[in-house]
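I opened this entry to look up two things.

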Amino acid sequence: MCGIVGYVGDKHKAQDVLLKGLKMLEYRGYDSCGVAMIADDEVFLERVEGRVSALEKKISGKKFNNILNGIAHTRWATHGLPSEANAHPHTDCDGDIVVVHNGIIENYIELKEGLKGHTFKSETDTEVIVHLIEENVKKLMKKDMGKRSEMLEPLFFEAFLNTLRKLKGSFAIAVIWKKAPGMILAARRFSPLVIGKGEGENFLASDVAGFIEWTKNVYFVDDNEVVFLDKNNVAFFNLDGKKINKELKTVNWDIKMAEKGGYKHFMLKEIFEQEMGFENTLMGRVLPVGKYILGNEMNLKEDDIKKFSMINFVACGTAYHAAYIGRYLFERMGMRADVDLASEFSSRSLVVDKNSLVVAISQSGETADTIDALRIAKKNGNKILAITNTLGSTITREADYVMYTHCGPEIAVASTKAFTSQLAALYVLALSFSYIRGNLLITKAREFAEELLSLAKLIKESLEINDYVEELADKFSAQDDYLFIGRGINYPVALEGALKLKEISYLHAEGYAAGEMKHGPIAIITNGMPVIVIATSSSDIDLVRGNIEETRARGGVVVAVVDKNSKQKIRADYYLEVPYASECFMPVLNIIPLQLFAYWTAVRRGTDIDKPRNLAKSVTVK
Ligand code: M6R
């Protein structure tokens, strides 16, 4: 997840608009940034590793006259480490065409191979876009034999369209060309892009925050739409170059709201970004190419995968709950697996088999306990695979293999979208490991992959429950104690539901394995106590039904997370219905109403949701 901004016009100083826009979008990524403007028939380009303030410092004092247009970018690295060379904007071989991009170009390796004779200056997937435009411009110029030399704008537009048709993956792109000054071309597929309409000036950005200071009149760009902007006009097209009409809307957001995409808190925004995070993490990794294959970005050889004796997961907090689900998943798919709290790892007399693959999961990649566990395992002779959201983090430097989740920066302390994107990574790993090790036949692997690829849509459907969960949270607002229970692969979901409620509402919430209730916790159930039960379809549903009845008999108020099939089998006081999927995929959907429940309960209690007391986003001390 990165932020892009664009400006065309002469009412304001372009550098001021672009830098301000970048600052507003820094929450989308901030490991490096850059700006490019066309002034006096020259391209001015400046990039830095670090935050927008560093870029501002670098260009302060420089005078720019006659700026016609500019684009800028703040980066959250996905391909290529955070560095000046990998920072956007990127240019073609001559430095005349300039691009910024948010998203992932899935087929960039294949495209790069076809771009013979081009000089690439970065490790990014993005750079391929600008060289492709260059290639297409050259081809069209050759075809035209100079006929259109007076009218380069249409040629630029055509070259851009030809390029877009070749791209697979997700993108919000903005591009400028020295030879077609005074205009910007932009396009969107699966990554956000909005256009701000001004008077004698126009804007673009990843979200309204990027230009809210200058205009509140907005066009929301849809997937596969292309935009032409100059200072007086904005026009929309489809990928065939056919004009589209779009409605201009007015937003009444203030700057703070705009930064959070109109949501009141980052946490809610991030809950709603889970479809994107899940999809982006699968992107390029599970491909329907005759058979489903795993993109082998980790350099993990098939022979090594066959040799690992088992998997040992280590992680903390929410990442630990994802790891716990990973354990169930690997076991179900025929591979031994175990899970440890990273903070407990050093206290154990180590029994981890040397041939086991240790998988360390951490959103930040900087959690001291997880890094410590990783080092202990390394010393023990284990190979380490890190699953993380943060390129260049400590964990990525120390692990043997790295698998990135691609959900963009998570700002709220309570982890939500990182959790579901960690699950996406675990599904890919479990699928590929069990297929390579011969535990899964190709037909089964295909079925698994097909269902996996359909899950992002179901995440979106699950989020439709938001209004109902808000009402429900209201009903329980006077309650101080909550119990969350689940069985099997849904037990960690119960743990995660309780953790979410605890950390942002400061209420007492316990997560338990449903079968353990009768061994103690059932004693705390009193009349009216809310018990949240994960009761979606599973091989254990009859046992879960028994636990629900035991709870009801003691006066507990049962809130059951169900799907359409399991709903008929159980009696609850309230139902939180999520879409149906195979049992192993249900944690991704079941967690959504629980995240929302925690959020709305905390809203009622008036806590500091994005920065709850006593907590930090990244725990870098042991
Ligand atoms: O960055 P990490 O994934 O390593 O963080 C691990 C935990 O500190 C983190 O998940 C924490 O539990 C969250 N605040 C939970 O919402």
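**Domains and their interface**

I took the domain centres over C-alpha atoms and found 37 Å between domain 1 and domain 2. The model is a predicted one. For the bounds I went to the domain assignment, which gives 2–259 for domain 1 and 267–605 for domain 2.

Next I looked at who touches whom. I have 14 residues of domain 1 in contact with 13 residues of domain 2. The two domains bury about 1,200 Å² between them. Carbon and sulfur atoms give 71% of that area. I then asked which residues of domain 1 lose the most area to domain 2. They are Y27, W76 and E106, and together they make up 44% of what the domain 1 side buries.

I searched the interface of domain 1 and domain 2 for salt bridges and the rule found zero. My search for polar contacts across this interface gave one residue pair, with both residues at pLDDT 80 or more. I sorted the domain 1 side that touches domain 2 by class: six residues are nonpolar, five are polar and three are charged.

**Ligand site**

I turned to the ligand and listed its surroundings. I count 14 residues around the ligand, and the closest are S362, Q363, S364, T367 and E503.

Which polar atoms lie by the oxygen atoms of the ligand?

- E503 places a polar side-chain atom 2.3 Å from a ligand oxygen.
- Q363 uses a polar backbone atom, 2.6 Å from an oxygen atom of the ligand.
- K500 has a polar side-chain atom 3.0 Å from a ligand oxygen.

Last, I checked the cover. On its own the ligand has 410 Å² of accessible area, and the protein covers 90% of that.

Definitions and conventions:
Residues numbered from 1 in each chain as written. Predicted model: local features only at pLDDT ≥ 70, side-chain atom pairs only at ≥ 80, totals over all residues. Heavy atoms only, no water. Domains from an automatic or database assignment. Contact = heavy atoms within 4.5 Å. Buried area = accessible area lost by both parts, 1.4 Å probe. Salt bridge = Lys/Arg side-chain N within 4 Å of Asp/Glu carboxyl O. Polar contact = N/O pair within 3.5 Å; in protein donor to acceptor, adjacent residues only side chain to side chain. Nonpolar A, V, L, I, M, F, W, Y, C, P; charged D, E, K, R; others polar. Near = heavy atom within 4 Å. Areas by Shrake-Rupley, 256 points an atom, 1.4 Å probe, with all protein chains shown as cover.
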